[in-house]
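My notes follow the display.

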Amino acid sequence: MQRYSLLSLLRHGLNRHTTWAPAWRSPPLRERYDVIVIGAGGHGLATAYYLTKEHGITDIAVLESGWLGGGNIARNTVTIRSNYMRDASIPFYVKSVALYEQMTRELNFNTMHSRRGMIDVIQTWGMMRDRRRRQHIMDLHGSTYEQITTAELRRRIPALTGGGAEARLPILGGFIHPEAAVNRHDAVAWAYARAIDAMGGEIHQQTPVTQLMRGPDGRIAGVVTPRGVIRAPKVAVAVSGHTTTLTETAGLRLPLRTMNLTAFVSEPVQPLIDVIVNCPDAGFYLSQSDKGELVIGGAPDPGQSFRRDIKQTVFEDTVSAMLSLFPAFKGLKMLRQWGGHLDIAHDASPIQDETDVPGLFVTAGWWGGYKAIPAGGLTLAHLVATGRPHPLMAPFSIKRFRHLDYVMESGTTTAR
Amino acid sequence: MMLIPCPFCGPRTESEFAYGGPVRPPRPDPATTAEADWVGWLTEVPNPLGPVEERWCHLRGCGSWLTLWRDTRTHAIVGGPQDAE
Amino acid sequence: MQNDRLAKGGRIDRTRPLRFTFNGRAYTGFAGDTLASALLANGVRLTARSFKYHRPRGIVGAGVEEPATMVELLGADASGNRPVTTVELREGLAARSVNCWPSPAVDLGAVAQLAARFIPAGFYYKTFKWPNWHLYEPSIRKAAGLAAAPKSPPVGGRYETRFAHADLLVAGAGPSGLMAALFAGRAGLRVMIADEGIEPGGALLSRRLSIGGRPALDWVAETVAELEAMGNVTLLRRATVWAYREHDYLLVTERAPDRTGLLERTWRVRAGHVITATGAIERGLVFGNNDRPGVMLASAVQSYVNRYGVAPGRRAVIFANNTSAYTVAADLAAAGIEVAAIIDSRSDVPAEARAAVPGLPIRAGYVVTTAHGGRSLRGVTVAPRDGGEAERLDCDLLAVSGGWNPAVHLFSQSRGTLRYDDSLASFLPGDAAQSTCAAGAAAGAMELEAALASGAAAGASVAGVMPPDTPTAPDLAYAVTPLWRVESARGKCFLDLQNDVTVEDVHLALREGYATVEHVKRYTTGGMGLDQGKTGNINITGTVALAQGVPMQAVGTTTFRAPYTPVSFGAVGGLRDGPLALPYRHTPLTAWNIAQGAVMYEAGARWRRPGYFPRPGEAMQDAIDREARAVREGVGVYDGSPLGTFEIKGRDAARFLDHIYTTVMSTLAPGAGRYGLMLSDDGLIFDDGVCFRLDAQRWIVSSSTGNADAVHRHMEMLLQTDLPDWSVFVTPVTAQWANATICGPKAREVLADLGTDIDLSPEAFPFMSLRDGMVAGLPARIVRVSFTGELSFEINVAPRHLPALWDRIMAAGAPHGILPVGSEANHVLRVEKGFLSLGHEVDGTVDPYDLGMGWAMSRKKPDYIGKRAVEIRRATGKMRHELVGIIPEPDVQIPEGAPLTPGGHRQASEGFVTACVKSVAQDRWVGLALVDDGHARHGEMAHVRLKGGKVIAVRITRPCHYDPDGERLRS
């Protein structure tokens, strides 16, 4: 792998940058692999990476229907955090945050990890109770939540001028989660792809899987694509939003439904807010990108949707919520908006398991799964390689539904 | 924002409605239904890439619950499961 | 001095001079100018610095496509990042360049140019890794971000939103849009036509054309007059159609509508049909230093000359690959501006085009390889395209035309397909996904007569009438041969001026494997600026196609996303602001509560309720203690009106209640009531409530306050969809009955003193029963329920009677020391009793057994909602959190939500504290908790572990700290 550094940048600069090698190859597609990973989004790429790095499996094909990094990893709001409420969830996200923090150096690719912290703006006593509850249980697992006063909150976010004593929902206080970070989503996808390629794995873009194939013994046997049949004894499905579309071709039903979630950005403006601001009572969150755009998200649309669009009602809800706390943004302009679809499990927690089809693995239900990418890949690789669930993901087995033994992260935020 | 046909009020804008989820098969008889089937009925809702049957309530209108088929790829309201747009 | 203002012409009002400042210097323009045209008239050429390299930049376009010069408006309506070409000039306007300091002429950031060689596309992915990015971030961020965000809401007014319904929405009031609206309007359709410009006319405003033998703008004026006279037509100016959603729902934002105090109005339009008559956008050409101030789009040059009476230069060179630029050359010559040469990359120039520019020198088969000059253009080098001797031409203006892109944004947003058209060398609308069609240049009808015909046909088609004849309108035939970049160029060749993306950047991206157009966009940031690549994206696609040797269609476009042009958040939020955004629900006692000095806040479901009633100088805890003590020892009264209340009637009402509650309700006698839990299908507690039977077929059912709407929806959905044969009617009556609940040992005396015809003796009126009668002279319904554990009478009256009843209660209770009780004291009282609270103990994860309420799960009933799910879950015997009481030892407060861990060690929790209050009955802190296997652990010690490591020992008890046998509430 060609090393990236300031020095190499200068050296290649002298050659007018004509000497940079491709970050990944386009190898010919073979008929058989040890493992097929469907989906070159965050979770698929991370899984392939850890299959090689942790388990020495190199005969891997990552199949991508479009372009690599073009799924939800291209559509999310890059919020990385671990402020969850359950013993089952927190250690997993703590691990994921830690893996993100070392990613730039581990993969020799600047993912622009910016550990800037997240501040929750609390406007109801119910939410205050919820956050206080998290504060103590997070501490058990090494994640941090500190309560701050309204004055401190306003000092940290000077642009937040709404929510005063006379407001409909006055600000009661805040919580800061210092580990929270943002980074560059494209860089994460590209960094993984480059590393996978360097270690011998293959990424095949424009290779949609149309059908999962089972053998006479019922096990997974491979996949069908327009480029031909590809065989593998193990297939991992990491195709947020389209999980059921694929698994149904293997005769499998899963407790998932596909929803659309919207995000939008403002015009780029000078540095204004240097933390992630999460306003669970109002119903939105935002952070400012290095380009200066405010990246804003809200609640998912009602109803199942594969349309990747914007529901005007939900969008207006999110904007008015934002203006209630940031009234100066009335004059700020929206530059771009988009939707992404994701699947949500029946209990709203992720599912990562081998399915009833032996050899077929799924990682799904990642509602807000960007923050889970590194740990989700680590744990899925462990499961695929060893056949045993990784301890961090054990509670998220699909078998939990057989006994309606849900993992419920109730009262979570819009940013979850 | 969709235009939803209310059987009583005619076509009305989506913001007058509340979403009620996809239509599941009728509730099975607990006395005669195996546990796995009950769990399947409860947790595995239809999630088609195409028309889905679902419920909406004309909350800010006549209060009726109505059932319609909607294509999840386009939001087009269609006649039934075969009417993929 | 407006030295570059032409002596005559233009749609400006020379009798109305306007003074303005730019970067601190004073200038004068005319009414009708944009800031861009006024600056050009004043000879200002250097107007900006570029984003990454801080290269000098000028004005490039004349409309929303402007990629180079963004300005920040100062003063009362401060706002940033406005394309200079879209700012209407007005008296006193003050603006400055973004992206440079201290000025475009002396820009310290320009040192970036020195390092340009080492900061290619994506350089930041390869460096700034050590020690971590966050260290570099502040300085990187400072360099980005263009203008500052507004510091306060616009002072000048407000925003609003409006619904509109139209048979036809026409986006764009250029020739084709006007034509479409005209014929649809004449046919009687409800038409809305919206145009982003100050006045209708579109491209005609910038050109010298005729329609039907008369000046085209006369036709525009007549058509506009006819449209405005039609009652069924709405013509909007300064109104951008910026989003095309599903079901033909579009958003149109009108700037500065003609109403005092209104800044912007957003129309939410539901259209029967949509015609996108959005015109076309000219694209630039890609050659060396193609970003120098003085290099402008040819159509913009034409616009400045014809529409604004401005000479953007004195000696011009035209560089084009198509015929449209010949009309620009002709207009320049007509305005007395020297045209040094027309450089045409095609070797065959159509004779018609040659004829349009008699006497002007044409160099066919030539290209501009590089532009000269720094802060202003001084000349260009031209050379034969296929190689040959280069030559330098002096000029101060280069008008470039790379051809035209139909503005397919809205059509694409509607999910219509796009197809690449080889003869037009651009993407055109393909198959429509909604009731959409494109017309005019947006559909590829590039000449005026074709555009008029296209618009007329579209309008007539929607109206269902025959397409009318359209007038003659001579125009130069459009012909283009694509030139995606000049291959012999020298110097930086910009594809995206705004984000400083060059051909080399795209080649680097391709070389490194970023091979799809989406990867190229993301790696180079091309097309991601404020202009969203309106002029540059197609050249990026072309550069990729050339490098990969594939057709344009195979490369494709990136997604066209809303909004078409940036839209202010204020215009999206509209009227949903301040008190309108989230209105409170009030009970009839709000005014009284406030007058008493109650601390009021939202306590769920938008109800504004009193938390507690402090006396002057009294601490919150003391006030809560006082109120709770009054209930335990004397009497208190609270306003229970927000409690969800439903009247349920019908032949199957009892059967229905048996179906939705865990307990058996059908056996109740009239006048009697019972507590019940409502489960979800998943067997988890969704709500709790009390059902009272009024007679054989009528019931009064209460739900928790926060869930009232959800419970109503749940009941209606069941009845209307799952159980359509059941004869049950549900009427929400929360707002029909207000209530005052008198509670405490003296409650009966106070009620008796009020005067009632109801026998209040415990025998005649026992706990969990209901009586109708008169109270204090008012018709009332009294319910004996208790949420406090004390003797309670819930007196329900019509809301208009509540204030009177309340006054009477306070008077009758005064001798007993009655106090109003807020929600905080109510919380203390219910925790003492172990009564459930939504959001505390009932957090969506518990079933009745978890709460020790297995008794509420009827075994007699074969089926009810949630029963089977509870059985399935409990069959595994897995340990669950169970509700217990806790007594902290020593007597300290425990924060609500604190976890319990085995031995207080730092490890996974075994439960958490749901509530902890200062008990007035026990005079110590008591609480409730959900703990693993809690029911078996009564009497044991457990440990709460707080953040930071503090451990508090607690004794586990049954979840009731007061009157466990319920003698007092039954008394």
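I started with helix α2 of chain A, residues 42–55. α2(A) has 14 residues and reaches 19 Å from its first C-alpha to its last, close to the 20 Å expected at 1.5 Å a residue. The expected span is 1.5 Å times one less than the number of residues. Helices are DSSP runs of H or I with at least four residues, strands are runs of E with at least two, and both are numbered from the N terminus.

The model is predicted: local features need pLDDT of at least 70, side-chain atom pairs count only at pLDDT 80 or more, and totals for chains, interfaces and linings use all residues. Residues are numbered from 1 along each chain as its sequence is written, and chains are lettered from A and ligands numbered from 1 in the order in which they are written.

Next I checked burial. In α2(A), 11 of the 14 residues are buried (20 or more other C-beta atoms within 10 Å of the residue's own, C-beta atoms being placed from the backbone). Gly42(A), Leu45(A) and Tyr50(A) are among them. The cover includes β1 (35–38), α7 (185–198) and α10 (373–386) of chain A. Gly56(A) follows the helix, with a positive phi near 70°.

Then I turned to chain B. I read one helix and six strands there, in the order β-β-β-α-β-β-β. Of its 85 residues, 28% count as buried.

Last, I looked up where chain B meets chain C. I found 19 residues of chain B in contact with 18 of chain C (C-beta atoms, placed from the backbone, within 7 Å). On the chain B side, α1(B) gives the largest share, four residues.

Methods:
Contact = placed C-beta atoms within 7 Å. Buried ≥ 20, exposed ≤ 12 C-beta atoms within 10 Å, placed from the backbone.
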